[in-house]
Every structure is written in C-alpha cells, then in structure tokens.
2 protein chains.
Amino acid sequence: MPTVDVHTHIYPPSYITLLRSRTTVPYIRSFPSSPSSPDSDRLIILPGEDSPSTPSTSRGRPIGPEYSSLAHKIAFMDTHHIDKSVISLANPWLDFLPAREAGSAARSINDEVDALCAEYPGRLYAFGTLPLSADTATIVGEVERLKGLRYMRGVIMGTSGLGQGLDDPALDPVYAALERTGQVIFLHPHYGLPAEVYGPRGGEYGHVLPLAMGFPLETTIAVSRMLLSGVWDRFRGLDVLLAHSGGTLPFLAGRLESCILHDGHLKKEGRTEGRRGVWDVLRTNIYLDAVVYSEVGLKAAVDASGADRLLFGTDHPFFPPLEEDAKEWHSVNANYTAISKAFEGNDEAAKAVLGGNAMRILRLD
Amino acid sequence: MPTVDVHTHIYPPSYITLLRSRTTVPYIRSFPSSPSSPDSDRLIILPGEDSPSTPSTSRGRPIGPEYSSLAHKIAFMDTHHIDKSVISLANPWLDFLPAREAGSAARSINDEVDALCAEYPGRLYAFGTLPLSADTATIVGEVERLKGLRYMRGVIMGTSGLGQGLDDPALDPVYAALERTGQVIFLHPHYGLPAEVYGPRGGEYGHVLPLAMGFPLETTIAVSRMLLSGVWDRFRGLDVLLAHSGGTLPFLAGRLESCILHDGHLKKEGRTEGRRGVWDVLRTNIYLDAVVYSEVGLKAAVDASGADRLLFGTDHPFFPPLEEDAKEWHSVNANYTAISKAFEGNDEAAKAVLGGNAMRILRLD
C-alpha cells in the first residue's frame, strides 16, 4: 500500500512572481542580509506579522526553493518514503485578489499545478484553488472546470469564503457544485485569531501562538459555523477534509453538541431538533488529516471520525528540519511516530491512514 | 470511594445582591414577562451578550434559586449521587470591581462561602476568590488568609489576571504565594474570544459559539501563554486545575510543542532549550476536570495528563435539564457516561476520576 501525503503545499512559479510583485501582506520581502540572518528573502503571509513592532526574526519566514520547486518536493517525498502527494497552493491562496483578476488567476494557477503533476505521473495529484473574490458564476465555473483536469481531486479553501465565512448562504451554489461533481473541500486555516487574544506579550513568542492556537481554533470555529448554519443538512453529500486533524473539533465535538442541545435560543427557534448532529457529520462528511504531532491527538481524531477517515499529511514545506544539515524532517517524523504508536498491533489501520484511505477517497491511480 | 464534584458554582446571596445593584454587565436584569418568556429575571454576565441587537432569548439566561441556594445545590448533589462538592464563585468573580472595593469584597465573599460549607460539614469545600483588581499585597494577603479558612482548597481564577493575562510577570508574587501555601488554581474561562471570530451570523446561534468554542479556546490560549512565559519554570510546584478538561490543551499539546521547537524567533533567543516541555507540565502541574461531554474528549484528557490527574465535575448550575420536569441533568449524565465508557473494565481508574483523585489532591476529609 502506498504512502500518500494529502497535506503538502506549493507556491508555483507564477504565484511566487505574484508575491514578489506586491508590497503588502501577502508578499515576499527582501531584508538586507546581516551576519545573524543570512536569509534575506522572507515570505510574509500572516495577517499582522509585518508590523514594525514585530522582531525581524518573527516577521515571515525564510523562503527557499522548497516553496516552489517540484524537484525539492520529490526529493522530500523520497527522503520520507512518500509515494504520492496531493499538492495544494499554500495560504492565502487567491483570497486577496480583486474580483476582476481572480477568475483568470485561478484558471492559470490550476492549469499550471495540473501541468506540474503531469511531470511526475502517478506521484502527484492536486487540490485546485477557487477564485473566491469573484462572482458566484465564475467560482462555480471553475469548480466544474477543475473536475475535468486530469490530476485535480478537489479544492483547497480558507475560512473566509466570499468574505463572510463558510456559513454564508451565498456559498450554497459553490457547495452544490462541489457536491454534484464529487470534489472534496480541503479546509485550511490562514487568518487565525485577532492578535489581542495573545495579549501584550504575544509578540515575544514568535509565531507559536498564531500557528499552534490561531490556526486550529480558526478551523474549528469555521467548521462549527458550517454545522450550525445547516450546510450539511442542505448538502448531505458534501465532503470536507479538515487540516490539522480538524483543528480541535474531535476534542470539542462533545461540548459543541451539548451546547447546541442546551441552547435556549436555538430551542425556542426549533433548531435543536431535526438537524444532523455533530457526530453524524464527523463520521459521514468529514475527513481529517493526521497532522497533529502527538499520539494523544491522533487517537482522539481516530475516535471521533474513524480510522477509515484519517489521512496522513506533512504540511511541507512548513516546519522544516530543526538542524540545518538534517535530511529528515522532525515534524514529519513526529506524525509518523504518532501513527505507529496509535496503531501499534493494527497494521491494517496504520496502512489505511498512511495511504489506503487517500487512495480510496481521492480515487488515486 | 465518594463521588466529588470539583466544578460546581454558586453565586452566594451577597453576590446576587451586588449583581442586582448594577445596570451594566455583569448584572441581573428584569425583563417584563410575556406569554413566551415567563422568566423575567435574567443573569447577563458574558461580554457582548447584552447588545440591543441580541435576541432576548440569547440575552443572558433565566436565573432561579439554583444559582444561589445551598439547599438546591445539596438536592442536585443527592439526585446525582455526588457526595462532596468543591464549590466556587461563578464567573466573572470580582474581576470587574474597582481596586478599592476588591479586597474587602473578596474577604467578605470568601468568609461567606466558607460559612456556607460549614452548614454541611464534610459535603462542601470551596475554591476562594481573589481580589485581582487590587494591589499585589492585597491579593497575596488574601491567598494567605484563604489558607487558614477551614473549607478552602485553592482559588478560582479567570484568564485576565491583573488585566494583562496570566503570562504577566507582575503575577509572580501571587503564583509564589499559591505555590508556597499549596493551593491549587482552578483556571476558568469567562471572556471568550472577540465576537468578530463568529462572523456576521454568530448571533443566530445563541450562546453556542461563545460557550462551545470561546470558553475552551480562551482557556487553552491562557495556559499556553503561561507555558511560554515560563511560569512553570519559575514555579515548579504550582498546580493548576483546568476547566473543561483543559479547553483543548490535550488535543493541541503536540502541535504546541512542535511549534515551540520549530520557532525561528524563540530559537534565536535561546528559548527553545532548557525550558520545561508541554507534556512535562501537563503531567506534573496540570489537573483537568472531566467536564468534556464525550468519551473521545475524556480519553484524550486521560492520555494527556493521566487518569490520576482527572477530576469529575458538573458545571452546575449551568446546562440545566433539557426538559422542565426532568429530575436528572442531561449534562451531568453525559459526563458520567463518558467516564464509564472510557474506563470500561477499569473500575479503579473510574473511581479515581469520580472522586479518589479529588480526595487526594485537594486533601478532603
């Protein structure tokens, strides 16, 4: 059974050119090199990480060829015994583009990524990118076009939707098109939480709080809003793969279901009955990647959605090796270790998570 | 082995009087009764839940005698076979008081709660309340005074600390006093997350998002900030009981540890080495209550901190029965069920979580 990485990003060359052409977040900024920081190009994509008060070592991250080079991706896969990767444009995708540019940019990027996959037949597949700032017809058109591209297997999407989140009813035609064409949404965070929640000392902790807390909490809130707005009551066949093992949804699902049941307002409006429950959606419509860096988290993900709905991932090229000369990535091995510990004595389940589930769910060759 | 509830709140009579005397959040507000809402008194404590745009059914919650009556507390305990309860003032405690009033209010409330416990010897204990808006000497003085009160076993605390969060170094004398006197902090959320994270439709979902997401995420961020600022490196004997099974810390601990290890800024500052790791603190200084409403969450909590560090709780008087005439509380039974399922075939561990751990850790008679 092959090993498949479903959470692995790329900024294809045209996207790098786009980022270099910009002067505000998201962009690539060249800092004058100094003895203590030899990397002069930094990728600055997160909201708030470009403020003048942010220490330069917290401002973005060094950007090297691993962000855009397919050869680097394949070498990384070989080092870590990954047979197939389902690559996706990294955040913030095309969310920031003006409406008039989004449609053509999405078509061009999707064609480019599909062509990249064709360079390594059988090893690379992809999630496409939607022009979410464009009008609905343009977005739906791209969903339908993606269905016809050889290596595309779904779409990656942030949490902002058309600008008002994923519980926005204006997204219904997009959800309908994705359900109709059988394409999975890979739901991925980017916007995090407002900086105030990290307090006045938040900047001292580098990127830790936005990445370790902001990202998973953003995902969890986004999927909860989808649930509460009845997305899966209306689109019972809509499948969503949640990044980072669901943010924290497996852990909070019980509390979420309890809070819905106990809510006086929802009850008065008759909305606590007849809806699909959190656990039902978790076990029917939601897939989780296995990017959680611990046996504790991985087991909770398995308990929540089932071992047949969990898919191995790496988050490459983020979280690179801890030592400059290391070949293997600590972050990848942490996820491998979590899987082997969680499934000790159950090789079949481990193989399913490592690749079998992705092969089946994403219909890989 | 007795069953002990460590997460159970009370608003003692003097606190109710205080809330009734106020006209802004937190307060008790009387709405004119109507055929559809017979309850005219509503307890409005959460930031943002009193805005004119909030539907009245989402504005606060009905308040009855179960919030302040000891007889109701004892009846609730009897119904649910709870032998002992460690009661605590409910949020937002005394956080909102002007500095000059806080010290005497804390002394008076703590004496009142200790006296309430004396009415049912052996059945009631308490966590005290600190005057956190007062000067440090006053706060430390109250920590020391609490140590001498018969039924006090620690303090309940929100996440705002002295106003700048729990990673504020100005809290060090308070942490030192708590460590020195061997009193546990029961860390409890109140402030949630800024309303913007719930999006423009957040209000339609009643209290679900602030309670199911905001509360646990607030706790998780607060404890992560404590970790990052080195609180447990400086106070290695400081014990903290986290509400709602740690918010989501058990699930996110792996990601948090990984993000610390990989952070370029922390690394350059030499702060990734020599610190105590997340798992070490989880298994040495942190206790978790078992208020998580699911077997999935409960197992993750056990895996993260150990079955000897998990303590049964109910969150009474919140999440009352779903049906008006029900005697048993669905929310309580959800937590009982999670424990019995998670520990099927391991009665000793179940008994420890239900009461044995609390007896030992809080030195109950």
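Buried area is the accessible area, found with a 1.4 Å probe, that two parts lose on being put together, summed over both. The structure described here is a predicted model, in which local features need pLDDT of at least 70 and side-chain atom pairs count only at pLDDT 80 or more, whereas totals for chains, interfaces and linings use all residues. Residues are numbered from 1 along each chain as its sequence is written, chains are lettered from A in the order in which they are written, and side-chain values use heavy atoms, with hydrogens and water left out.

**The interface**

Chain B and chain A bury about 6,400 Å² between them, and 68% of this area is on carbon and sulfur atoms. If contact is taken as heavy atoms within 4.5 Å, the interface draws 72 residues from chain B and 73 residues from chain A. Across the interface of chain B and chain A there are 14 residue pairs in polar contact, both residues being at pLDDT 80 or more; a polar contact is a pair of N or O atoms within 3.5 Å, where within protein one must be able to donate a hydrogen and the other to accept it, and where residues adjacent in sequence count only if both atoms are side-chain atoms.

Helices and strands are DSSP runs numbered from the N terminus, a helix being H or I over at least four residues and a strand being E over at least two. The table lists the helices of chain B that each supply at least two residues of the side that touches chain A.

| Helix of chain B | Residues |
|---|---|
| Helix 6 | 208–228 |
| Helix 8 | 249–262 |
| Helix 9 | 264–268 |
| Helix 11 | 295–305 |
| Helix 12 | 330–342 |

Helix 6 of chain B gives the most to this side, with 13 residues. The residues of the side of chain B that touches chain A divide into 36 nonpolar, 24 polar and 12 charged, where Asp, Glu, Lys and Arg count as charged, Ala, Val, Leu, Ile, Met, Phe, Trp, Tyr, Cys and Pro as nonpolar, and the others, Gly among them, as polar.

**How the copies are related**

When the copies are superposed by least squares on the C-alpha atoms of residues with pLDDT of at least 70 in both, chain B can be laid on chain A with an RMSD of 0.0 Å by a turn of 180° and a shift of 0.0 Å along the axis. That is the relation of a two-fold axis. Because 100% of the interface residues of chain B are also interface residues in chain A, the copies meet through the same surface.

**Within the chains**

Chain A holds 13 helices and 11 strands, and its C-alpha atoms fill a box of roughly 65 × 45 × 45 Å along the principal axes.

Most residues other than glycine have a negative phi, and most peptide bonds are trans. The bond joining A:Val25 and A:Pro26 is cis, with omega about 0°, and A:Pro26 is placed in the loop between helix 1 (13–20) and strand 2 (27–30) of chain A. B:Asp315, in the loop between strand 11 (310–311) and helix 12 of chain B, has a positive phi near 70°.
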